[in-house]
Amino acid sequence: MKNYIKHQEWQIIEEGFDPHLNKISESIFSIGNGRMGQRANFEETYTGETLQGNYVAGVYYPDKTRVGWWKNGYPEYFAKVLNATNWIGIRVAVNGEELDLNTCKVLEFSRVLDMQLGTLTRKFIVELRSGNVLGVETIRFCSLVDDEAGAICYSLTPHNFDGQISIESSLDGDVKNQDSNYDEKFWTEISKTEQHSFALLTMETKKTAFWVSSGIYTEIHQNGAPLNLKPKFVSKEKYVAQQFTVDVKKGETTSVYKYAVNLSSENYAKNKIEEAAVQALQKIVAKGFDLMRQEQAQAWAGKWQNGDVVIEGDVAAQQAIRFNIFQLHQTYTGEDARLNIGPKGFTGEKYGGSTYWDTEAYCLPFYLATAPQQVAENLLIYRYRQLDKAIENAEKLGFKNGAALYPMVTMNGEECHNEWEITFEEIHRNGAIAFAIFNYSRYTGDQSYLAKYGLEVLIGIARFWAQRVNWSIEKERYVMLGVTGPNEYENNVNNNWYTSTMATWCLKYTIEAIELVKGMDRVLLNELFAKTNFKEQEETSHWREIIELMFYPVDEQLGIFLQQDGYLDKEQVLVKDLPATDRPLNQKWSWDRILRSCFIKQADVLQGIYFFEEDYDLETIRRNYDFYEPRTVHESSLSPCVHAIIAAKLGDLDRAYEFYLRTSRLDLDDYNNDTEDGLHITSMAGTWLSVVEGFGGMRVKEGALHLHPILPQKWTSYAFKIGFRQATITVKVSDKQVRLRNESNTSVEIYVFGQAHQLQANSNLVLHT
């Protein structure tokens, strides 16, 4: 665990430069706008350890899978988000000596990510080997308003010298991915050109043939006024630049304004993409840096207006929740149903940048409550559009009759994960996709999606579960063999309680959905039955039999659901008894030792209890929590939030707060020693859940909003805002009262501590506790 980020409510601050922390900071200080994202790499040359990363949404490469042995059904590739053309480069040479923080003496250094304004600022003073002392201040952002554009202001001030500074503002397409399986570079050059004082570079991905056309415009100011300098055009393979030489004087500031765009052939015809890049550049250059920056601040104000969480009395907690919300909004805006949320977003390469079940299980609730309804619906439409591929994935593994197995990892709907225990066995992801449809309908009250799209997905998933179980003569029950549950420290187990519970719930919900759509639009239902060749009586009768006769492992003596068959055969050791030197297990232990241990990577049984808590009484939840939590090492970023929510429900405020802090500061404090690979974007939604569903106790039951708020001891108060069925509600919780404010023209019924209250339009309600 690191602790070098300064605590501040609206800013992420690093003071002092430690090259050993640089890759961590490159992740933490990343910027993005839902269409593109940039790690916090330096603009100037840096020869120290770094992970270069500029990512363009929807652009990927199918890197050939590397496995020691091949099995039928294995994906041939692992899709990965690509490091694209580096647009931020500003190479600086002072009297011929190159600026490089790895070789010069760093006298002062600070880096600030302003979450209110959506800008990254860096300031430093260095002494070059020549003895020249130079001050630098940079400001950059990826524009939320012009979401294919970024802008940089890079200012240089000589402290003790006059002379010449050479400035080379570049586009560098000769980039690589750190995680390339065969050290292959994934881009080829299409063209490079100079137009209207703009430099353009268009690159194409191998195999997938995506084009990305990048363009830059650079201008130089001194003492606040533009210099009439014509840049020298520099060109080499996969590289273009605009080069300037300026005379400088001690104490006078020279500022480089760099405007850049990255356009993808996902959004433009290839024969028009360079023309579009020029037009996009012209638009932002005409605005200028100051107006773009002002628009950026206004756009972020809108985001915070709808989704801020305010915590009083605990700066570390406040900073953390805002950082998580900020990164979620930087990653996904919901404007394009072709896009989704990668576990690392635009901040790193790990996990390939592909879509996992994290989106449905953790991210959807955040967007349901904090964004327009269409944003959450687009996450569901993303999966609907990939239903045919899910059916193909199931066919590859031997399933028939339109059974659908959604991929564990995907870019385009095809499975592209290359570990057998995940690819073939971690099938619970199907359940998360079905649960997201239910969660969307429950929260919004809108069943039209279910009728138009959702039921077709549910039928495919239900068909998969009906074929995936088999009858056990010995048990006289249906069983689920050879699976991996959410706890990936167990592979190829039988009767994983969570997976089996999700399977039967999916079957039940699909039957309920059929009846619901039948009452809404019988003609539409008949068309769907014909399209899917669905035999209602035959298939639903079989589903009901599975529901009734499914086997679930339990231990009657302990009164718990068993994670899977034979779990209690393992040596039962608690995490508190593990030596600190053994953690994290996935970096210190052999895989064989992990698999034989009782230790749990992340919420498994408790994940199911979180989803279906209304099915269990409080004591059942408590017994399972008390048993499994001490055995959980939380070596997945998705784990602490579930434990925080359940702990809060059980009234265990100390543990709930501990888990909240762990999930919220996971990256800021580098809990798992892996932040350098990129941030844990999808689990950041779990941080929001920890506050709103955990401490706030927010639930939707039978179409009504319920709150059961509690206040952590270290907090003076907290407040959050949610959109619920055309109403916008602010909830503020303090020691003595719960204050509700309806900021909309829609009246809404809210249950607080189980008692119903009618919150009238544009009104306040104060409840004393």
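1. Two strands count as paired if DSSP finds at least two bridges between them. That rule is needed to read the sheets below. The model discussed here is predicted.

2. With that rule in hand, take strand β3, which covers residues 36-38. Three bridges link β3 to β4, and the two strands pair in the antiparallel sense. Within this part of the structure, Gln 38 stands opposite Asn 54, a residue of β4.

3. The pair belongs to an open sheet of three strands, ordered β2-β3-β4, with antiparallel pairing. Strands β2 (31-32) and β4 (54-56) each have a single partner strand and stand at the edges, so one side of each is left without a neighbour in the sheet.

4. Phe 109 has Phe 124 in β10 as its bridge partner. What do β9 and β10 form, and how many residues lie between them? They form a hairpin with four residues between the strands. In the turn, Gly 118 has a positive phi of about 75 degrees.

5. A general point on strands: in a regular strand, side chains alternate between the two faces of the sheet.

6. On to the helices. Two packed helices are described by the angle between their axes and the distance between those axes. For helix α10 (residues 448-468) and helix α13 (residues 536-549), the axes come within 10 Å and cross at roughly 55 degrees. That angle makes α10 oblique to α13. The crossing of α10 past α13 is left-handed.

7. Which residues of α10 meet α13? They are Ala 462, Arg 463 and Ala 466, and they meet Glu 539, His 542, Trp 543 and Ile 546 in α13.

8. Lastly, salt bridges. A search of the whole structure finds 40 of them. One is between Glu 676 and Lys 23, whose closest N and O atoms are 3.8 Å apart. Glu 676 lies in the loop between α19 (653-664) and α20 (681-695), while Lys 23 lies in helix α1 (residues 22-28), so the pair ties together parts that are 653 residues apart in sequence.

Methods:
Residues are numbered from 1 along each chain as its sequence is written. This is a predicted model: local features need pLDDT of at least 70, side-chain atom pairs count only at pLDDT 80 or more; totals for chains, interfaces and linings use all residues. Side-chain values use heavy atoms; hydrogens and water are left out. Axes are lines fitted to C-alpha atoms, for helices over the stretch in contact, and angles run from 0 to 180 degrees between N-to-C directions. Angles under 35 degrees count as roughly parallel, over 145 as roughly antiparallel, 65 to 115 as roughly perpendicular and the rest as oblique. A crossing is left-handed if the near helix is turned anticlockwise from the far one by less than a right angle, and right-handed if clockwise. Contact means heavy atoms within 4.5 Å. A salt bridge is a side-chain nitrogen of Lys or Arg within 4 Å of a carboxyl oxygen of Asp or Glu.
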